[in-house]
Number of protein chains: 2
Amino acid sequence: MRAEPQSFDRVLSSMCTEPHPAAREAAERFLATNPGDPGTYPTVADLEDDAVSLLGEIAGLDEPAGYVASGGTEANVQAVRIARERAENGRPTVVLPESAHFSFQKAADLLDVELRVVPTTDDGRADLEAVRACVNEDTAAVVGVAGSTEYGRVDPIPELGEIADSVDALLHVDAAWGGFVLPFTDYEWHFGHAPVDTMAIDPHKMGQAAVPAGGLLARSSDLLDELAVETPYLESTSQATLTGTRSGAGVASAVAAIEELWPDGYRDQYVRSQNNAKWLASKLESRGYDVVEPALPLVAASVPTPLFEALRDEGWRLSRTGDGELRVVCMPHVTRDGLESFVADVDRLETRVGLEVAGASE
Amino acid sequence: MRAEPQSFDRVLSSMCTEPHPAAREAAERFLATNPGDPGTYPTVADLEDDAVSLLGEIAGLDEPAGYVASGGTEANVQAVRIARERAENGRPTVVLPESAHFSFQKAADLLDVELRVVPTTDDGRADLEAVRACVNEDTAAVVGVAGSTEYGRVDPIPELGEIADSVDALLHVDAAWGGFVLPFTDYEWHFGHAPVDTMAIDPHKMGQAAVPAGGLLARSSDLLDELAVETPYLESTSQATLTGTRSGAGVASAVAAIEELWPDGYRDQYVRSQNNAKWLASKLESRGYDVVEPALPLVAASVPTPLFEALRDEGWRLSRTGDGELRVVCMPHVTRDGLESFVADVDRLETRVGLEVAGASE
């Protein structure tokens with residue numbers, strides 16, 4: 001097999017990144033272990049307990065329940081599943097903002113739960129009036145996003161918690177991407193700030209662990225118990241995870257990354273990434289593009305499709321928001337040098353695309 | 001982080017194994033890639049196409065649809081989900097033998113599908129009369145196991161296919177563990193032998209790939225389409241997987257292992273493993289234990305609990321069947337030397353346990 005993975009130099013579209021060297025080293029050592037079988041692989045099972053404790057520390061939870069999931073999708077699916085299991089009515093619903101990740105659609109399909117999608121306000125955050133108007137006795141969970149996939153926006157989590165409480169619904173926070181940068185901001189987003197019941201928080205995104213290392217946290221173990229199925233022929237008695245065999249590499253790399261970087265390394269990285277995002281936003285704005293101000297290290301800008309395509313042809317890995325805006329995620333592998341080179345390509349290709357358009361219209 | 005994974009020397013309980021060196025090397029190179037985002041990571045997305053083609057070749061399917069899943073649980077869940085989506089009635093059921101893996105219980109919980117569990121005959125295979133009596137117009141799928149988790153038994157797949165056809169149900173084959181040894185046996189188990197619709201076949205078990213590398217195969221892409229959800233902000237349009245971000249390491253290592261070992265390397269391994277299983281079965285039988293004859297490289301034997309516990313205390317990683325029998329999976333890392341050392345411990349500890357029991361009863 002001669003194929004080589006491409007370098008990260010021109011990857012501006014991913015919410016994953018190069019693992020930290022300590023995370024890579026741990027992943028390689030634990031490649032052949034399976035935390036899904038703790039009787040056989042006790043060391044990595046112990047490491048998973050460490051990972052959950054560390055995630056709890058980041059997310060303001062003293063005695064966290066949870067596990068290292070395959071990623072944010074699994075954590076979101078499992079949170080919806082917990083809510084469904086606890087709901088007393090036959091057809092539970094989940095209220096969430098339109099900014100929520102598409103994994104909630106997957107959860108709804110899988111779990112046969114109805115989604116009630118409410119709009120966001122102009123600043124890209126859940127519209128609280130709309131949420132209030134939407135919840136009722138059928139509401140099993142309210143979802144808040146702490147770092148949205150498209151614009152990096154943070155919903156008003158404490159207020160969503162009050163609304164969820166008012167109808168006895170669970171509050172789930174999707175901090176899959178945001179969880180490792182939010183501790184260094186003024187946002188109120190975690191278990192210590194609001195009556196959060198469950199959370200997605202992924203080490204393999206801003207946490208710099210190796211894929212697959214997502215995180216599901218729950219305020220109490222009885223929430224997690226809703227997921228348990230019995231496990232014959234494993235020397236453990238039940239399993240709360242969506243998958244069976246799981247990656248020891250992900251677990252070990254999550255612990256290694258967090259022990260190495262929490263909190264100072266992550267703070268430094270947040271500052272670098274946030275400065276890069278602001279710098280890119282200002283550069284694009286000064287070139288006349290509409291830019292969504294980066295609340296977290298993620299920039300969205302309305303770049304015309306021909307320019308977007310031309311940049312892709314140059315090897316830049318780019319993605320778009322649902323509204324078609326260019327979307328750049330300032331992950332740890334995205335450096336100022338890389339962004340300078342990207343902006344230089346914007347300038348060069350803008351001219352070329354402009355000339356082509358002008359030429360075509362002659 | 002100073003924890004070290006234990007060696008595989010005394011692991012007799014796992015259905016995973018040390019990755020083949022080529023698989024490990026590929027996993028390490030592709031650690032920072034995500035086949036769940038093919039627009040950003042095109043190389044590993046191409047490798048996934050290769051993996052599916054290779055799995056199809058092993059499983060008798062010329063133009064396979066499918067993907068590299070997180071493992072057998074995901075593949076089984078997704079197969080049940082496909083069947084549920086295609087069912088026309090409101091409360092679809094799945095008919096499966098009691099030997100089926102507990103992941104089907106997970107699927108039933110998640111998907112709100114009812115399981116109809118039928119007994120196995122004395123040889124541990126699905127009782128065809130019971131299956132026939134159980135299927136009806138509500139049956140969305142019939143499950144056949146090709147290499148059961150507890151006893152390594154292979155259900156009569158062609159006959160199950162006929163029964164499934166008779167009620168327009170899908171036939172799903174769980175060959176998660178068996179798929180990489182069955183090609184070297186006389187069993188009829190795959191898409192070429194029977195009207196199989198979907199299959200679980202895991203590279204990270206007998207295929208010697210790194211975790212996580214499961215396999216979901218489907219006879220046609222329209223079956224897979226039942227799983228698709230739309231994916232905004234990825235430069236692909238839909239996603240059929242249960243998870244979102246996925247492990248490029250798993251995908252790359254699956255391709256590397258299969259290219260290296262299919263078919264000769266896997267055949268040699270099957271012969272070694274099967275001979276080891278027969279050897280261990282005969283040694284345990286000659287010591288007076290009831291042994292379930294190994295149809296595939298998996299031995300079950302009725303060993304008394306005190307001896308089982310004493311062996312565990314010696315560091316042997318062992319598991320039990322639901323009926324309490326010792327269960328040894330002869331994976332590639334399980335060598336004749338290792339088994340000789342295990343049998344020597346059986347002899348030594350048998351005496352000690354016997355003396356203790358005798359002493360206690362005095």
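The points below comment on the predicted model of chains A and B.

1. Basis. This is a predicted model in which local features need pLDDT of at least 70 and side-chain atom pairs count only at pLDDT 80 or more, while totals for chains, interfaces and linings use all residues. Residues are numbered from 1 along each chain as its sequence is written, chains are lettered from A and ligands numbered from 1 in the order in which they are written, and side-chain values use heavy atoms, with hydrogens and water left out.

2. Interface. In chain B, 74 residues are in contact with 72 residues of chain A, where contact means heavy atoms within 4.5 Å. Because 97% of the interface residues of chain B are also interface residues in chain A, the copies meet through the same surface. The area buried between the chains is about 6300 Å², of which carbon and sulfur atoms give 59% (accessible area, 1.4 Å probe, that two parts lose on being put together, summed over both). There are 2 salt bridges between the chains, each defined as a side-chain nitrogen of Lys or Arg within 4 Å of a carboxyl oxygen of Asp or Glu; one of them joins Glu4(B) and Arg29(A) at 2.9 Å, N to O.

3. Strand β2 of chain B. Helices (H or I, at least four residues) and strands (E, at least two) are DSSP runs, numbered from the N terminus. β2(B) pairs in the parallel sense with β3(B), residues 114-118, over 5 bridges (pairing requires at least two DSSP bridges), and Pro97(B) stands opposite Val118(B). A further 3 bridges join β2(B) to the parallel β4(B), residues 139-145, with Thr93(B) opposite Thr139(B).

4. Backbone points to check. A cis peptide bond joins Trp262(A) and Pro263(A), with omega about -5°, and another joins Val211(B) and Pro212(B), with omega about 0°. Asp168(A), a residue other than glycine, has a positive phi near 55°; Asp168(A) lies in the loop between α6 (157-166) and β5 (170-174) of chain A and is exposed, with a relative accessible area of 73%.

Definitions and conventions
Buried means under 20% relative accessible area, exposed over 50%, partly exposed in between (1.4 Å probe, protein chains only).
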